[in-house]
Amino acid sequence: MIVYRYLAECIFFGFIALIFFGGLLTVRARLLMHAVLGLAVAFIGVAGLFFHLGSPFMAMMQVLIYVGAVCVMLVFGVMVGQAPTRTGQPRLTGHNRQLAAGSCGLGFVLLTATLVRTRWAAAAERVGDFSMQHLGESFLHRFVLAFELISVILLIAILGAIIIARSPEEKTPS
């Protein structure tokens, strides 16, 4: 029993390491194709976490939607677009570095405050069942706004990545 617990913890932290490595590769990649591959690795790690935590439906949706659709779409966009003539240069200098540190600090404070103020025992009692009927009704009625907002944020992130990836020579005056 103890061996199983340690094995489960090792698997959990393995998925966390996979997400961290994929995110780091995504952020630090000089080529856009490497960033997309890092994003796919991070998404597969998230799917592994979902599966490990007892939600195979969410794990399969993660693989199907994010790894299968979003990453393939980004790879297709990279392949169809013009070939890059040079690698990306880091843009975190001076004022940008201060803004990034401030944003990260604010995000950390907000997440920490949320984690500290949440009553986890009460939240576990309110979860309900995980039947397909209950999940479908919850997704279509209770959580529809959250999923729509997540899709809009993902669209904004993709558009931001495209804008950042474009070099100054490719920009045309409107």
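The entries below go from the whole chain down to single residues.

**Entry 1: confidence**

I reminded myself before anything else that this is a predicted model. The protein chain has an average pLDDT of 78, and 81% of its residues reach at least 70. Where pLDDT is low, the predicted coordinates should not be read in detail.

**Entry 2: overall make-up**

I listed the secondary structure and found 7 helices and 0 strands. Read from the N terminus, the order of elements is α-α-α-α-α-α-α. Next I asked how many of the 174 residues count as buried, and the share is 12%. I also looked at contacts between residues at least 6 apart in sequence: 62% of them join residues at least 24 apart.

**Entry 3: the nonpolar core**

Which residues make up the largest nonpolar core? I found 8 of them: V36, A40, F43, V67, V70, C71, L74 and I158. Helices α2 (32-52) and α3 (56-80) each bring at least two residues to this core. Helix α3 gives the most, with 4 residues. Setting aside neighbours within four places in sequence, V70 touches I65, L154 and I158. I158 turns up here as a contact of V70 and is itself listed in the core.

**Entry 4: helix α2**

I checked the length of α2 against expectation. At 1.5 Å a residue its 21 residues should span 30 Å, and the end C-alpha atoms are 30 Å apart, so the two agree. I then noted the buried residues of α2: A35, V36, G38, A40, A42, F43, G45, A47, G48 and L49. After α2 comes G54, which has a positive phi, near 90°.

**Entry 5: A35**

Apart from neighbours within four places in sequence, A35 is in contact with L25, T26 and A29. I also looked up the distance from A35 to V75: the two are 40 residues apart along the chain, and their C-alpha atoms are separated by 10.0 Å.

**Entry 6: aromatic pairs**

A pair of aromatic rings is described by the distance of the centres and the angle of the planes. I counted 2 such pairs here. The rings of F12 and F13 have centres 5.5 Å apart and planes at 75°, so this pair is edge-to-face. F12 is partly exposed at 26% relative accessible area, while F13 is exposed at 53%. The other pair is F43 with Y66: the centres are 5.1 Å apart and the planes at 45°, so I wrote it down as tilted. F43 is in helix α2 and Y66 in helix α3, so the pair ties together parts 23 residues apart in sequence. F43 counts as buried at 15% relative accessibility, whereas Y66 is partly exposed at 21%.

I also looked for a charge over a ring. R5 lies over the face of Y6, at 6.0 Å from the ring centre.

**Entry 7: Q62**

I turned to Q62, which is in helix α3. With a relative accessibility of 8%, Q62 counts as buried. What is Q62 in contact with, leaving aside neighbours within four places in sequence? The partners are F43, V46, A47, F50 and V67.

**Entry 8: A165 and L32**

My last stop was A165, which lies in helix α7 (residues 144-165). A165 is partly exposed, with a relative accessible area of 45%. How far apart are A165 and L32 in sequence and in space? They are 133 residues apart in sequence, and 7.4 Å apart in space from C-alpha to C-alpha.

Definitions and conventions. Residues numbered from 1 in each chain as written. Predicted model: local features only at pLDDT ≥ 70, side-chain atom pairs only at ≥ 80, totals over all residues. Heavy atoms only, no water. Core = buried A, V, L, I, M, F, W, Y, C linked by side-chain atoms within 4.5 Å. Buried < 20%, exposed > 50% of the residue type's maximum accessible area, 1.4 Å probe, protein only. Contact = heavy atoms within 4.5 Å. Phe/Tyr/Trp six-rings, centres within 6.5 Å; stacked < 30°, edge-to-face > 60°. Lys NZ or Arg CZ within 6 Å of the ring centre and 35° of its normal. pLDDT = per-residue confidence, 0-100. Expected span 1.5 Å × (residues − 1).
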